[in-house]
Amino acid sequence: MIVTIHQPDFAPWLGFFDRWQKSDLFIVLDDVQFLRRGWHHRDRVKTAAGPRWLTVPVKKKGRFAQRINETEIDNAIDWRTKHLDTIAAAYGKTPGFRTVFPLLARTYGERHTLLVEFNLALLALFAGLLGIGTPMAFASAHPSTSRAGERLAELTAIHGGTVYHTGTGSRSYLDENIFAARGIAVLWQEFGHPHYPQPHGDFAAGMSVIDFLMCQSPANAKGYHA
C-alpha cells in the first residue's frame, strides 16, 4: 500500500494533489509545529499584477511553538472578502470560474476558527473537483515522541503501508534507511508541471491549485491526472 504524508497546507499547488491521487492513503500531518513563514496559511494566485499571496491571518503572539492543529485564524481581520475579491478579479473570465468560485465562497463563508479546519475543508473541495478519492488519516490520532523521518516511517507502518511516497524536496534530508529498517520502500514523486492556458501573460508554474481549477473546464479538471 502506498502512503503519502503531508501537512494540511492552505490551497496548495498541483503537485500536492498529484502525490495524494497516486497514493492509497493520505496521512495528514496535523500535529507538527506551525511554520510562520511556510505554506500552512498562504499560497499564491496569478493576478493581472503577477503572482500574489493569499494569506490567512493567524494568531501568533506568544504562540511560538503552536502546532498546526492548535493554530487559530485571526477573524478580527476581514481577510475572506479580500481573498475572494482577489480571486474574482484574477479569474472572473476563466472557464472554471462559474463552477469553482461559488464553491470557494461557500467554504470561506463557513467561518472556521481553526486553520486546520479551514484548510481541510478546502482540501476536500479541491480533491472532489479533481476526482481524487484517496482516503485520509490523521497523524494526531497516533501521538508519538518520534521526529522527522522516524515519525513518517512510524506512521506509514501503523497504517500498513509498504511504500512511502514523498516529494523531491526531501531528498536532501530524508534517510531511506529508516524506512528500509521497517520494510518500507521510498517512492520519489515524478511530477511534470502541466502548462495550460492561463490569464495575465506568460505562464507561471507553481501557483495554488485554485489557478489550475479556474483555468480548466470542470470536466477537464476532474479527469486530470499528471
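Accessible areas here come from the Shrake-Rupley method with a 1.4 Å probe, and for residues only the protein chains shown count as cover. On that basis the protein chain exposes about 10,700 Å², and carbon and sulfur atoms supply 53% of it.

This is a predicted model, where local features need pLDDT of at least 70, side-chain atom pairs count only at pLDDT 80 or more, and totals for chains, interfaces and linings use all residues. Residues are numbered from 1 along each chain as its sequence is written, and side-chain values use heavy atoms, without hydrogens and water.

Of the 226 residues, 50% count as buried, meaning under 20% relative accessible area with a 1.4 Å probe, protein chains only. The chain has eight helices and seven strands; these are DSSP runs, H or I of at least four residues for helices and E of at least two for strands, numbered from the N terminus.

Take α1, residues 14-21. Seven of its eight residues are buried, among them F16, F17 and W20. They pack against several elements, including β1, α4 and α7.

Now the largest pocket. A pocket is an open set of points on a 1 Å grid over the protein atoms alone, where a 1.4 Å probe fits, with protein on both sides within 12 Å along at least five of seven lines; lining residues have an atom within 4 Å of a point. The largest one holds about 1,100 Å³, a volume being the space filled by probe spheres set on the points. It has 43 lining residues, and I5, H6, Q7, L29 and Y173 are closest to its centre. α5 gives the most to the lining, with four residues.

Methods:
Contact means heavy atoms within 4.5 Å.
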